[in-house]
Amino acid sequence: MIELYRLIRRFEGCKLMPYLCPAGVWTCGWGSTGPDVIPGKAWTQEYADSRMEQDAIRFARGALALCPVLTGSRHDAIADFAYNLGLGRLRASTLRKRINAGRWDLVPVELRKWTRGGGRVLPGLVARRAAEAALL
């Protein structure tokens, strides 16, 4: 999980005031979303850090449930993908099919397809997918 935390901190950054992400979702802290993200209501650093750890554990467990073959740094990479895009997208993806089939040669190709936010390619997502692929 150390690599997962490193990826989250590197690519999400921490903002204590809620903001709309490029996909139009209210976000706060280390990329957290949900009913506790209220426009105009700031978080403390302590809450943001705690929430990131809770979210990371939830997405790590969810990624493993969807892709039981994941171990080590591969697990961290795919958990980061899920943290960024959600378990629903992982569940429905060709990426998941490739992972579960053991087609690790095709997993980086699938990861690199997920670089758009708000309808455009985002350099931060290109870099994030490359960092995830490097862990495979």
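Start at the hairpin of β1 and β2: five residues sit between the strands, and Gly24 there has a positive phi near 85°. Helices (H or I, at least four residues) and strands (E, at least two) are DSSP runs, numbered from the N terminus. Before going on, know that this is a predicted model, in which local features need pLDDT of at least 70, side-chain atom pairs count only at pLDDT 80 or more, and totals for chains, interfaces and linings use all residues. Residues are numbered from 1 along each chain as its sequence is written, and side-chain values use heavy atoms, with hydrogens and water left out.

**The hairpin and its cysteines**

Select residues 15–20 for β1 and 26–29 for β2; the two strands pair in the antiparallel sense over three bridges. Strands pair here if DSSP finds at least two bridges between them. Click Leu20 and look across to Trp26, its bridge partner in β2.

Now show the cysteine sulfurs. How many disulfides are there? The count is zero, with a disulfide taken as a pair of cysteine sulfur atoms within 2.5 Å. For Cys14, the closest cysteine sulfur is in Cys28, 7.4 Å away, so the two are too far apart for a bond. Cys21 also has its closest cysteine sulfur in Cys28, but at 12 Å, which again is too far for a bond. Cys14 is partly exposed at 26% relative accessibility, and Cys21 is partly exposed at 21%. The scale runs like this: buried means under 20% relative accessible area, exposed over 50%, partly exposed in between (1.4 Å probe, protein chains only).

**Glu12, at the end of α1**

Next, select Glu12, in helix α1 (residues 2–12). Is Glu12 buried or exposed? With a relative accessible area of 16%, Glu12 is buried. Its side chain makes a polar contact with the side chain of Arg128, at 2.7 Å. A polar contact is a pair of N or O atoms within 3.5 Å; within protein, one must be able to donate a hydrogen and the other to accept it, and residues adjacent in sequence count only if both atoms are side-chain atoms. Not counting residues up to four places away in sequence, Glu12 touches Leu7, Trp30, Gly31, Tyr83, Asn84 and Arg128. Touching, or contact, means heavy atoms within 4.5 Å.

**Along α3**

Move to α3, residues 72–85. Color by burial and you'll see α3 mostly covered, with 10 of its 14 residues buried. Among them are His75, Asp76, Asp80 and Tyr83. Which helices do the buried residues of α3 pack against? They pack against α1, α2, α4, α5, α6 and α7 (123–134).

Stop at Leu85, which lies in α3 and is buried, with a relative accessible area of 16%. Leaving aside neighbours within four places in sequence, Leu85 is in contact with Trp114 and Arg129. Just after α3, Gly86 takes a positive phi of about 100°.

**Into the core**

Now select Ile8, Leu70, Ile78, Leu90, Leu95, Ile99 and Leu111: of the 30 residues in the largest nonpolar core, these touch the most other members. A nonpolar core is a set of buried Ala, Val, Leu, Ile, Met, Phe, Trp, Tyr and Cys residues joined through side-chain atoms within 4.5 Å. Helices α1, α2 (45–66), α3, α4 (87–91), α5 (94–100) and α6 (107–111) each supply at least two residues of this core. The largest share, seven residues, comes from α2. Apart from it lies another core of five residues, including Leu7, Phe11, Ala131 and Leu135.

Zoom in on Leu95, in α5, which is buried at 0% relative accessible area. Beyond its neighbours within four places in sequence, Leu95 is in contact with Ile78, Phe81, Leu90, Val107, Glu110 and Leu111. Hop to Leu90, whose contacts, on that basis, include Ala63, Leu66, Cys67 and Arg96.

**Last stop: Glu132**

Finish in α7 with Glu132, which counts as buried at 0% relative accessibility. Its side chain makes a polar contact with the side chain of Arg129, at 2.7 Å. Leaving aside neighbours within four places in sequence, Glu132 is in contact with Leu7, Ala77, Asp80, Phe81 and Leu111.
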